[in-house]
Amino acid sequence: KRKRNMELLSKSDPTIEEFTYARIFSIFGMKKLNKDKVAKILEIEKNKEAMEKFFKPEMGLMWMIVIQDGGDKVTIYDDLPPLTTIKRKAVLIYKNNQDFETQIDTHNVHKEVCFMEIKRSVLENLSVICKDVYLPILSNPLNQEDWSDLVSKDLMDKFNHIFLAQVYVTIGQINGRTLLPLPPSDATSFDSKSSKDKAHILESSIITWTRQIKNVLKHDPESALKAGNDPDPLTEIEFWKNKAENLNSIYKQLQSEKIKKVLKFLEQNKSTYTGPFGKLQKDVQTARTEANDNYKYLVTLLQLFKKLTDETADFTRLPDLFYPIMHTILLIWKKSIYYNTPSKLVVLIREICNAIISQAFKFINGEQIFGYIKGEEPKEANDRLTTTLEVCSKFKEAYFTYKQRLRVNGRLLLMHCL
């Protein structure tokens, strides 16, 4: 039967290895292991070798990383483990004194060895440590006694507004989101700095936010076409989905109390940045509404586009999809508030054409044609080329059929997409 508290965790005189394992088990929440399983972990050869290297100063090993394998096993690495081995978190064990002389024993192991949890997301872990550990230390006036005002200001500005902000922004980029880095909380909460200094710090944040938001707003689905990537129509749906989610995230951040507090402080100090930023907030709301609306309508085409781009699809049956696709596009054009302009429709039709071209290339391509000719099968090559032309013609037929039904203010909309 498993016991809630292992003897290893409650021993009054543990060895340095037992002390280390006790801390590891505690961090991983492995307090219910029985004696047999603990004994097996302690006898793992790789773990024993790493422990021996770590606690012998002459071996020069300054840190170890521990990974939990399943619920009742841990592996100790004396070098960087593959990222795939880290499921949720790891434990970093390191020496306080980075030298080759300090001998660690049962009397000083509590002081000489430190344990730190590391999340699988290294950048998020770095952000937390820098904000919650290093920033308070650097901001402490007692630690700045020997610094000049210039050095203190320059260091804190670079640490806050460049390093920490960039880490935070990068975390967002990895997750496909735009995260607006917040200024230090003390920028509006105490009076040790002048209003001018505070305004400078907060205006720097406004400048960063403005640049980030404008980069999101200027993104358009035609970018992939301009880059020559030949996107298919699923790319269009994915674009509006991502843009909607990103703008929703930005809007939520702009509505937070912290950002409102920043803007209120700058307004009270008559900053020239609040007016343009207020207009930018309205632009975010407008773009957010449009992106959500566009995705809501375009997602109705998702299943049809999946069939159109399916690599296993029968090329000769693709025409069965053309009329349903064009009919759905017609309904979107009529009902949507935003997705009813020639520029948007041109992009979508080009992407559909890219998908048809891609399917046609799989059905017959130059190499296959010459292969049929070389194999004295010219009829097969001719039949496949004829079928390809017929499929493309059927798409043009569906396109022009629905083109006649599209009217804006009583006039036929001229779409030069093909």
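A polar contact here is a pair of N or O atoms within 3.5 Å; within protein, one must be able to donate a hydrogen and the other to accept it, and residues adjacent in sequence count only if both atoms are side-chain atoms. Helices (H or I, at least four residues) and strands (E, at least two) are DSSP runs, numbered from the N terminus.

You're looking at a predicted model, where local features need pLDDT of at least 70, side-chain atom pairs count only at pLDDT 80 or more, and totals for chains, interfaces and linings use all residues. Residues are numbered from 1 along each chain as its sequence is written, and side-chain values use heavy atoms, with hydrogens and water left out.

**Whole chain.** Start zoomed out: there are 17 helices and six strands in the protein chain. Its radius of gyration (over C-alpha atoms) is 31 Å, well over the 22 Å that the globule rule (2.2 Å times the number of residues to the power 0.38) gives for 418 residues, so the chain is more spread out than a compact globule. The C-alpha trace spans about 85 × 70 × 45 Å along its principal axes.

**Helix 10.** Now select residues 233-254. Zoom in on Asp 232, which caps the N-terminal end: one of its side-chain oxygens lies 2.9 Å from the backbone nitrogen of Leu 234. Next, show the buried side (under 20% relative accessible area, 1.4 Å probe, protein chains only); Phe 239, Trp 240 and Leu 247 are among the buried residues of helix 10. Their cover includes helix 8 (195-217), helix 11 (257-268), helix 12 (274-298), helix 13 (302-309) and helix 15 (342-363).

**The cores.** A nonpolar core is a set of buried Ala, Val, Leu, Ile, Met, Phe, Trp, Tyr and Cys residues joined through side-chain atoms within 4.5 Å. In the largest, with 58 residues, select Leu 301, Leu 308, Ile 325, Ile 329 and Ile 352, which touch the most other members. Helix 15 gives the most to this core, nine residues. Center on Ile 352: beyond neighbours within four places in sequence, its contacts (heavy atoms within 4.5 Å) are Pro 233, Phe 305, Leu 308, Ile 325, Ile 329 and Phe 395. Then jump to Ile 24, Phe 28, Met 30 and Val 66, which are included in a second, separate core of 25 residues.

**Last stop.** Pick Asn 365, in the loop between helix 15 and helix 16 (366-374). Is Asn 365 buried or exposed? Asn 365 is buried, with a relative accessible area of 15%. A polar atom of its side chain lies 3.3 Å from the backbone oxygen of Phe 361.

Terms used. Buried means under 20% relative accessible area, exposed over 50%, partly exposed in between (1.4 Å probe, protein chains only).
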